[in-house]
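Please read the points below with the coordinates open beside them.

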Amino acid sequence: MSALIWVVGGAGIFTGSSAAALYGFTVKAQRPRLVPNDNVPPVPYEEAEWHSEGKKVKGWFLVHSHPDGGSDPGPVVVIAHGWGSNRSRVLRYALPLYEEGYSILMYDARSHGESDYYRTPTGLQFRDDLMAAIEWLRQRPETDPTRIGVVGHSLGGFGAVLALDVGAPIAALVTDSMPVRLSTMIGAELKRRKLPQFPLARIIPKIMVWRSGISQSMLRRANPVRILHDNTRNRKTPVLLVHSRNDRFIPASELKLILARTPELPHLFVDAEGHSASDRDPAFWPAVTAFFQHSLQKK
């Protein structure tokens, strides 16, 4: 507890029972709601399973058969859900892409859905779970390892951008409603749990970083604004960033932070109401399908 008091007591305010209460708030904020998978794909799929840092991850692999009956490896799109969600809740992305001819891999991040519990989930964990999923996928004969795309919703998008920074073999990335700042992520979770923003939104990120064993150098590196700028400058992975102007959970100002640094990045603002509704905007699917058709075409 002495380390916790040091973390939150810089202003000489929080000690003893106050620090313990703040730690309890942090534990709650860092424990995603466990939502069961309430439906399954209405197309052929197989149950999939692999490990991420020793924990079991469960998923579905929707293998798209070739129209000519061939068996050549093809492009695959991985769907990464957000905080407090699961794979069944992102079927809204998977099915239209499956109909476009892509095989689809979707999974529950650790501490979500049917995957194993993880004590301190963070954006770094979402990165590592995505990388484990891609590694599993690359071993499959149905996969062309040079044509793996990713759709990441919310924290799933954040984790995917962090994966780019460590060289994940992603050929094309679409993010939807992605947070950029840790304070925004914490603020959104506090709002969902009806907990006060002040002073928790400022203090909880510090306790969370300490509790998760994240070094300051790792924290500085986990910066999507910088990562996407470097990715664009080095002409690496094609990226399309999507955000709704009417997202009241993760505001569109998060995308504007990225564009302030890298204004030439391909992006799309939509007007659908909500944090999980971009795909219902008429502009969404034409932009996303055209992006993947171009980025995942056979070289």
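1. Where helix 2 meets helix 7, the residues in contact (heavy atoms within 4.5 Å) are Leu22, Tyr23, Phe25, Thr26, Val27 and Ala29 from helix 2, and Leu200, Ile203, Ile204, Ile207, Met208, Trp210 and Arg211 from helix 7. By class, the residues of this contact of helix 2 with helix 7 divide into eleven nonpolar, one polar and one charged, where Ala, Val, Leu, Ile, Met, Phe, Trp, Tyr, Cys and Pro count as nonpolar, Asp, Glu, Lys and Arg as charged, and the others, Gly among them, as polar. Helices here are DSSP runs of H or I with at least four residues, and strands are runs of E with at least two, numbered from the N terminus.

2. The model is a predicted one, in which local features need pLDDT of at least 70 and side-chain atom pairs count only at pLDDT 80 or more, whereas totals for chains, interfaces and linings use all residues. Residues are numbered from 1 along each chain as its sequence is written, and side-chain values use heavy atoms, with hydrogens and water left out.

3. As for the geometry of that pair, the axes of helix 2 (residues 17-29) and helix 7 (residues 200-212) come within 9 Å and cross at roughly 80°. Helix 2 is therefore roughly perpendicular to helix 7, on a scale where angles under 35 degrees count as roughly parallel, over 145 as roughly antiparallel, 65 to 115 as roughly perpendicular and the rest as oblique. The axes are lines fitted to C-alpha atoms, for helices over the stretch in contact, and the angles run from 0 to 180 degrees between N-to-C directions.

4. Helix 4 (residues 123-138) and helix 5 (residues 155-165) pack at an angle of about 70°, with their axes 8 Å apart, which means that helix 4 is roughly perpendicular to helix 5. On the helix 4 side, Gly123, Leu124, Phe126, Arg127, Leu130 and Met131 take part, and they meet Leu155, Gly156, Phe158, Gly159, Ala160, Leu162 and Ala163 of helix 5. The contact of helix 4 with helix 5 has nine nonpolar, three polar and one charged residues.

5. Taken as a whole, the protein chain has eleven helices and eight strands. Its radius of gyration is 19 Å, which agrees with the value near 19 Å for a compact globule of 299 residues; the radius is taken over C-alpha atoms, and the globule rule is 2.2 Å times the number of residues to the power 0.38. Along the principal axes, the C-alpha atoms fill a box of roughly 70 × 40 × 35 Å.

6. Of the 299 residues in the protein chain, 56% are buried, where buried means under 20% relative accessible area, exposed over 50% and partly exposed in between, with a 1.4 Å probe and protein chains only. Among the contacts with a separation of 6 or more, 72% are between residues 24 or more positions apart.

7. Which residues does histidine 243 contact, leaving aside its neighbours within four places in sequence? They are Ser177, Met178, Ile250, Pro251, Ala252, Glu254, Leu255, Leu268, Phe269 and Val270. Histidine 243 lies in strand 7 (residues 239-246) and, at 1% relative accessibility, counts as buried.

8. Some backbone values deserve a check, because most residues other than glycine have a negative phi, and most peptide bonds are trans. Serine 111, in the loop between strand 4 (103-107) and helix 4, has a positive phi of about 70° and is buried at 7% relative accessibility. Serine 154, in the loop between strand 5 (143-153) and helix 5, has a positive phi of about 55° and is buried, with a relative accessible area of 7%. The peptide bond from phenylalanine 198 to proline 199 is cis, with omega near 5°, and proline 199 is placed in the loop between helix 6 (182-192) and helix 7.

9. Phenylalanine 25, in helix 2, is partly exposed, with a relative accessible area of 27%. Not counting residues up to four places away in sequence, phenylalanine 25 touches Leu195, Leu200 and Ile204. Arginine 235, in the loop between helix 9 (224-233) and strand 7, is exposed, with a relative accessible area of 77%.
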